[in-house]
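Thanks for coming, everyone. I'll walk through one structure today, helix by helix and charge by charge. Have a look at it first.

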Amino acid sequence: MVLNIISVGNKLTPWESQGIEYYQKQLSKNISLNFIDIKGQQHPKRSIDEIKKLESELILSKISDDDYIISWDSRGKRINSNEFSKFFENSMLENLRLNFIIGGSFGLPEKIIEISDKVFSASSFTFPHRLFRIILVEQIYRSFSIINKAPYHTSVSYINLTLP
């Protein structure tokens, strides 16, 4: 299974690369992650709308008509790790070509949200896109651990807070 992660932002720092590599190495050899980095379009002479429009055009240039688009946005459907693993199970059965999209500093353009097949939210928190790439790769690894009934999901110490 090939998964594309399309992300608006800057080149990865060494700690980001290490975090991503840590989880990527643990994924099955049948799962390939492709990172498609899009340079953020921030410029002092551009408005936020102009920046998002330019970023939208760059994102769209990386997507094919038959791709299944999953955008990450705070307005999306909040899902947990078990739901995310079920999403992967269904995606594998349907042989979907998955593209995860992570927006830049100003979030995702509306056009990208509109064309997305799914819009997910990992939290009510806002994460920097640099950190969210690592979170997404960890959740992909966790999802496949759940699917394969590997001990990772149940043996890792983590805090699961449920707020009203």
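**Two helices side by side**

Let's start with the packing. α1 and α5 run roughly parallel to each other, because their angle falls under the 35 degrees cut-off. The angle is about 10°, and the axes lie 9 Å apart. Keep in mind that this is a predicted model.

Which residues make that contact? From α1 come Trp 15, Glu 16, Gly 19, Ile 20, Tyr 23, Gln 24 and Gln 26. From α5 come Arg 130, Leu 131, Arg 133, Ile 134, Val 137, Glu 138 and Tyr 141. By type, the contact of α1 with α5 holds seven nonpolar, three polar and four charged residues.

Take Glu 16, on the α1 side. Glu 16 sits in helix α1. Is Glu 16 buried or exposed? Its relative accessible area is 0%, so Glu 16 is buried. Beyond its neighbours within four places in sequence, Glu 16 touches Lys 11, Arg 130 and Ile 134.

Now α5 itself. Helix α5 covers residues 129–147, 19 residues in all. At 1.5 Å a residue, α5 should span 27 Å. Its end C-alpha atoms are 26 Å apart, so the two values agree. How many of its residues are buried? The count is 15 of 19, so "mostly covered" follows from the under 20% cut-off for buried. Just past α5, Lys 149 has a positive phi of about 55°.

Arg 133 is among the contacts of Ser 7. Ser 7 belongs to strand β1, residues 2–8. With 1% relative accessibility, Ser 7 counts as buried.

Next, the salt bridges. Side chains of opposite charge can pair when their charged atoms come close. This structure holds seven salt bridges. I'll show three of them in turn.

Number one is back in α5. Glu 138 bridges to Arg 142, with the closest N and O atoms 2.9 Å apart. Both lie in helix α5, four residues apart, about one turn of the helix. An α-helix has 3.6 residues a turn, so residues three or four places apart point the same way. Glu 138 is buried, with a relative accessible area of 10%. Arg 142 also counts as buried, at 6%.

Now to helix α2, residues 48–60. Lys 53 and Glu 57 meet there in a salt bridge, 2.7 Å from N to O. Why about one helical turn between Lys 53 and Glu 57? Because they are four residues apart in helix α2. How accessible are they? Lys 53 counts as exposed at 53% relative accessibility. Glu 57 counts as partly exposed at 40%.

The last pair is Asp 73 with Arg 75. Their side chains form a salt bridge at 2.7 Å, N to O. Here the two partners fall in separate classes: Asp 73 is buried at 12% relative accessibility, whereas Arg 75 is exposed at 52%. This pair also belongs to a network of salt bridges that links Asp 73, Arg 75 and Glu 110.

**To recap**

α1 and α5 lie roughly parallel, and 15 of the 19 residues of α5 are buried. Glu 138 and Arg 142 form their salt bridge within that helix. That's my tour.

Definitions and conventions:
Residues are numbered from 1 along each chain as its sequence is written. This is a predicted model: local features need pLDDT of at least 70, side-chain atom pairs count only at pLDDT 80 or more; totals for chains, interfaces and linings use all residues. Side-chain values use heavy atoms; hydrogens and water are left out. Buried means under 20% relative accessible area, exposed over 50%, partly exposed in between (1.4 Å probe, protein chains only). Contact means heavy atoms within 4.5 Å. The expected span of a helix is 1.5 Å times one less than its number of residues. A salt bridge is a side-chain nitrogen of Lys or Arg within 4 Å of a carboxyl oxygen of Asp or Glu. Axes are lines fitted to C-alpha atoms, for helices over the stretch in contact, and angles run from 0 to 180 degrees between N-to-C directions. Angles under 35 degrees count as roughly parallel, over 145 as roughly antiparallel, 65 to 115 as roughly perpendicular and the rest as oblique. Ala, Val, Leu, Ile, Met, Phe, Trp, Tyr, Cys and Pro count as nonpolar, Asp, Glu, Lys and Arg as charged, and the others, Gly among them, as polar.
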